[in-house]
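Open the model in your viewer and keep the selection tool at hand. We will go from stop to stop, and at each one I will say what to select and what is there.

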Amino acid sequence: MTARDTILNAVRLGLTTPGVDPAAIRREAAALLVDPAARRPSLLSDSLVDAFIARVTSPKVAATAERIGTATELPDVVRRYLESRQLPAVVALQPAAILQSLDWSGFEKHDRVAADETIAVGVARWAIAETGSLVFHSDAETPILANFLPLHHVVLLRANTVLAYLEDYAAATAGQRPPRNVNIITGASGTTDIEGSLVLGAHGPRYLHVVIVDEHSALDEAQITA
Amino acid sequence: MTQPQSASRPPSPPRVGLFVTCLVDAMRPSVGFAALKLLRDAGCRVEVPEAQTCCGQPAFNSGDTADTAVLARRFIEAFEPYDYVVAPSGSCVGMTRAHYVEALADDPAWAERARRLADRTYELMSFLVDVMHFTPAGVKLDATVTYHDSCSGLRELGVYAQPRALLDSVSGLSLMPLEGNDVCCGFGGTFCVKYPAISNAVVAEKADAIDRSGARLLLGGDLGCLMNMAGKLKRKGSRVRAFHAAEVLAGMGDGPAIGEER
Amino acid sequence: MQEAPMSFKARAERALADPTLKLAIDRTTGTAERKRAVAMTQFPQFEAARECGKRIKDHVIAHLDHYLLEFERNAIASGAKVHWARTAEEASQIVVSLCRQAGAKRVTRVKSMLGEEIGLPHALDEAGIERVETDLAEHIVQLGGDRPSHIVWPSMHRTREQVSEMFKRSHRAPHREETIEAMVDSARRELRDKFLSADVAISGANFLVADTGATCTVTNEGNAELTTTPPRVHIVTAGIEKLVPTTAHAFAMLRLLVRSATGADVTQYTTFHCGPKQPGDRDGPEEFHIVLVDNGRTRMLREGLKEMLRCIRCGACMNHCVVFRQLGGHVYGGTYPGPMGAVLTPVFDGLKSSRDLPHACTLNGKCQEVCPVDIPLPTLLRGWRDRSWREGLEPASMRVGMGLFTFVASRPRLYRLATAVAIRVMRLFSRGGTVRGMPGLGAWTAHREFPAPAERSFMAMYKDLEKGQ
């Protein structure tokens, strides 16, 4: 007997009611998730964007955030970010159309992230207000390493992609073929492995800066449905 | 896991079978007399069944289910005639309330008798407060005290507020918070003699916390835990003295503490 | 630090005599306990969430065959290769042979308790494959040449001073400043190029999502994604109890897991892995393997340990365990320490060699109170004690003693007499309210005073009082 059969047989021997109708199991599973409000924390604000910002900048997540009117302001935001930290104007730019289309003159930019990359600029697909998380899907425009190699990660987020709860992300992607990787990123990399004290920048980024753009352009639309 | 015991109206006056526990019987009878007094003051008709010995907890926690069942059946026979069974110990009551059914599971008739008795079995302080709605009157003790919540009472029976409510009525007494009041003292029944070195390390930390509380007296609701902590406090030269809370509530707080010469 | 030949008690005494270890344990578990307490005050929905989490796990376990097959089907559809392993040896052999097939010289590993459970580090080392532990704590464990001592903080047994020394000894460009920040930086520099040059990545899974075939890992350092993205092959090992029906169920569990483990609301990185690199993807492995491991789990299902399969490996039980906090993790001798380890180790290693674990516990119930899926740990531990008694593993002195006690205690008049004799004997040894030097009381009196009994028992005095009335 194969290991697979042995295990499945052993599982069935241990169950009180094996062979239940799959549809009934699915119904039972769905019923477990009723009344989500009773078992989730409340949001920090009625506005999803405000709730997200409050969470992502709270000491627990410890990222920084700012709002801009249109995506075209992003290069200026990045310029100021770098200047205030006395960093050179060299950025790794996620190969996403919305970012590539912006005016990056004055920057030295590339789309392959190096092992010791100082700063990468990316764009999140969604955000979660509940946790202050950013959501990325691996695809042609989203190398996963770009989210993890740089020391500074600056992420553009469209205000209309902020979801309330983690389950809302699951609902938004239900029925779609999952990407190879879904990264739900909440703040900068951290470790508590030495005596339980929190230190940021363990292996991933030490700094996470979220730039929320309010504008809802045709370009954004294209990105969302991509 | 913790279910507040039901607060149904007692038949008046209720007939209470007092289980003093084997430890109180042999080591510190004053706790039994304190319980007796408090129950009578609360308006109960109290009897002390002669057939009582030990609830069987040591056997149960050692994995000896056969011997547990023998003692559990004995206990049930001795206490079945009463309206209520009350004991000045969270762990013995936890045993009878929470574990007899389990220990007698092989025998449905006995398991049913255990279940019915369990519903009427109470830890002393929760019985006084939740069932009898009792407040001791005229008790005075000028002392700073701190309270250790013994684990079985706290987690199996939900005993937390009741001793505090009762102690609140003792004039002159002030309750100091105990850091880690709900952390096990390291007694654990036979654990403390099976693994003495570990038990010692746990109770040493407990004794330090008790000292830090600044209280003059340590109170609790389980004699086993109290003997463990009192013994450690004395060994380390602490001046904190230990009493069962029932003793203080019955006005015996000026007598010899646990481990003091009588 | 190979400590197998030492008895549990000897290991315990050695740990108790190590003040540096105690300092390290207190620093980490103390912080964990405080942070969890704060997280709980900010999450009043915890009880409802916990009930839901418990029911999700029970539901999955009750239909485990269904969910295993659904997961397998979806994982295969995503391009993953699914392997099944009955035992620890079979699981680590599958991983080693996959590494060999990939021609792997260097593998990077993400911390996984299952990997430890199946002896993967050892199997890789035996096979002559260079193994790079990328989780900071596992890196410290690897440098120290010992074993993890906690499931969330594997190097909890090391103080910052010890870590500093290790890094200085082995890192190519070690820290100069004696701060934890500088040490973390040193590890960052040390491991950077190793992420990118590995041939195979090996990780575990916190959840297996049945309806997508995805595996989910939750981490804080970012090492997991840096590990699993660059190599050509990614292998996931996971216990068969890790299944959840859907992504939404995984999120419901996630809220419980993270708060219970570290006191954060979510981990910094929650990543779902679904198959290998897809057409057009910028990065990711060409091959994605999932090894589903039984290793005693189906036995637990049959042998009264079903509730233990709820365990989501948060470590709250050990952080709040008075025994663990005195001993640390190594004393437990298995992969999993603390209360959950005391339940699991007898499953993996047999009760005979591990009978001390379920006994070295005060049954105080704190572990169940903090368990995010309400596992009745004290009841399960007592279950092992029952079995140990039934199988005759308890010492003869204990068995005879308990039998004698029951004989006496079930005869009230004999019991009264025995009590009177015991009181008399104890009082013979009493001075100043304390029993001293009495044979048989040494285990107690070595460490604390034994309060002397009153002159007569309660029952004797009460009888006299009643007569007098």
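Helices and strands here are DSSP runs numbered from the N terminus, with helices (H or I) of at least four residues and strands (E) of at least two. This is a predicted model, in which local features need pLDDT of at least 70 and side-chain atom pairs count only at pLDDT 80 or more, while totals for chains, interfaces and linings use all residues. Residues are numbered from 1 along each chain as its sequence is written, and chains are lettered from A and ligands numbered from 1 in the order in which they are written.

**Stop 1: a residue in chain A**

Select Ala92(A), which sits in strand 2 (residues 90–93) of chain A. Is Ala92(A) buried or exposed? It counts as buried, with 23 C-beta neighbours inside 10 Å. The cut-offs are 20 or more other C-beta atoms within 10 Å for buried, 12 or fewer for exposed, and anything in between for partly exposed, with C-beta atoms placed from the backbone.

Now show what Ala92(A) touches. Leaving out residues up to four places away in sequence, its partners are His110(A), Asp111(A), Val113(A), Glu117(A), Ile119(A), Ala120(A), Ala146(A) and Pro150(A). Contact means that the C-beta atoms of two residues, placed from the backbone, lie within 7 Å.

**Stop 2: how the chains meet**

Colour by chain. Which chains share the most contacts? Of the two pairs of chains in contact, that is chains A and C. Chains A and B do not touch, and their nearest C-alpha atoms are 19 Å apart.

Select the interface of chains A and C: 80 residues of chain C are in contact with 63 residues of chain A. On the chain C side, helix 10 (residues 180–197) gives the most, with nine residues. That side divides into 35 nonpolar, 26 polar and 19 charged residues. Nonpolar covers Ala, Val, Leu, Ile, Met, Phe, Trp, Tyr, Cys and Pro, charged covers Asp, Glu, Lys and Arg, and the others, Gly among them, are polar.

Move over to chains B and C, where 56 residues of chain B are in contact with 52 residues of chain C. The elements giving two or more residues to the chain B side include helix 2 (29–41), helix 4 (65–79) and helix 11 (196–213) of chain B. By class, this side has 29 nonpolar, twelve polar and 15 charged residues.

**Stop 3: helix 4 of chain B and its two partners**

Asp67(B), Val70(B) and Leu71(B) make the contact from helix 4 of chain B, and Met402(C), Gly403(C), Thr406(C) and Ala409(C) from helix 21 of chain C.

Show Ala72(B), Arg73(B), Ile76(B) and Phe79(B) of helix 4 with Trp110(B), Arg113(B), Ala114(B) and Leu117(B) of helix 6, which make the contact. The contact has six nonpolar, no polar and two charged residues.

**Stop 4: two loops in chain C**

Go to Asn295(C), in the loop between strand 10 (287–293) and helix 13 (297–302) of chain C. Asn295(C) is not a glycine, yet has a positive phi of about 40°. It counts as buried, with 21 C-beta neighbours inside 10 Å.

Finish at Arg313(C), in the loop between helix 13 and helix 14 (316–319) of chain C. Here too phi is positive in a residue other than glycine, near 60°. Arg313(C) is partly exposed, with 18 other C-beta atoms within 10 Å.
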